[in-house]
Amino acid sequence: SSEYVEMVRFMINNDLSVQSNYEYIESLMDMGSYIDWVIQEIYVANPSWRHNHEWWRDKTNNGKWQWMNVDMDRGFDRANVKSNLLDDFIENSYSGAKHGDPIFKNLIKNEYFKNYFIHRYVTHVNTTYNPDRIIRVIDSLQNNIRGAMPDHIARWSSDNRIKSIDDWNNNVEELREFARDRPEYAYSQIAKEFYVSGTVNL
């Protein structure tokens, strides 16, 4: 979309720490939707984020741009539990609109946006990604497909996929381990990247 490209170009060429410039961009995009997309990509440590992101808007009534999460199969990988994609978004060197994401590194220059992002991220870590909640979801999804796994294994195990029920259970347990361990790294990365410290119980 030429409108989207023009919006991104404005961000690249104008200082978004200037509130009037930020407010202009805010009139074009749904900030909550965008921030939630960024948080999801960062938190699940999705290494495919640079080339797998999509956006849309309602073409009527001057709809704002919104984002959707797609192709998340590389997320929640136990090997990436320490991954700092927040730094990746901040330092992103891409300047185009179709690959990478030049939006965040420009928006984060605005103090209001930065505070909004930090508060929303921490809120999601405490609620949406709370380990107890995530593990309940994992347990539920595992139980939903448990009965189909023997046929799945019989059909696909020869293609270097899941070899046995024990293999499957071990893979699912790694998702639980990610859920348990990720918050610690999420908090420390926020503190490191934005020079914030301390917590408050609400």
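Modeller: Let's begin with the second largest pocket: 18 residues line it, and F76, I138, L141, V172 and L175 lie nearest its centre. A pocket here is an open set of points on a 1 Å grid over the protein atoms alone, where a 1.4 Å probe fits, with protein on both sides within 12 Å along at least five of seven lines; lining residues have an atom within 4 Å of a point.
Colleague: Which elements give two or more residues to that lining?
Modeller: Those are α7 (131-145) and α9 (165-194). Helices (H or I, at least four residues) and strands (E, at least two) are DSSP runs, numbered from the N terminus.
Colleague: And which one gives the most?
Modeller: That is α7, with six residues.
Colleague: How much space lies in the pocket?
Modeller: About 460 Å³. The volume is the space filled by probe spheres set on the grid points, which are joined across faces, edges and corners.
Colleague: Before I go on, what should I know about the model?
Modeller: It is a predicted model, where local features need pLDDT of at least 70 and side-chain atom pairs count only at pLDDT 80 or more, while totals for chains, interfaces and linings use all residues. Residues are numbered from 1 along each chain as its sequence is written, and side-chain values use heavy atoms, with hydrogens and water left out.
Colleague: Back to F76, then. Where is its place, and is F76 buried or exposed?
Modeller: F76 sits in the loop between β2 and α4. It counts as buried because its relative accessibility is 16%; buried means under 20% relative accessible area, exposed over 50%, and partly exposed in between (1.4 Å probe, protein chains only). F76 also has a positive phi of about 60°, although it is not a glycine.
Colleague: What about phi of D71?
Modeller: Phi of D71 is near 50°, again a positive value in a residue other than glycine. D71 is in the loop between β2 and α4, and it counts as partly exposed, at 40% relative accessibility.
Colleague: And V70, what is it in contact with?
Modeller: Setting aside neighbours within four places in sequence, V70 is in contact (heavy atoms within 4.5 Å) with N52, H53 and E54. V70 is buried, at 18% relative accessible area.
Colleague: Zooming out, how many helices and strands are there?
Modeller: The protein has nine helices and two strands, running α-α-α-β-β-α-α-α-α-α-α from the N terminus on. Its C-alpha trace spans about 60 × 40 × 30 Å along the principal axes.
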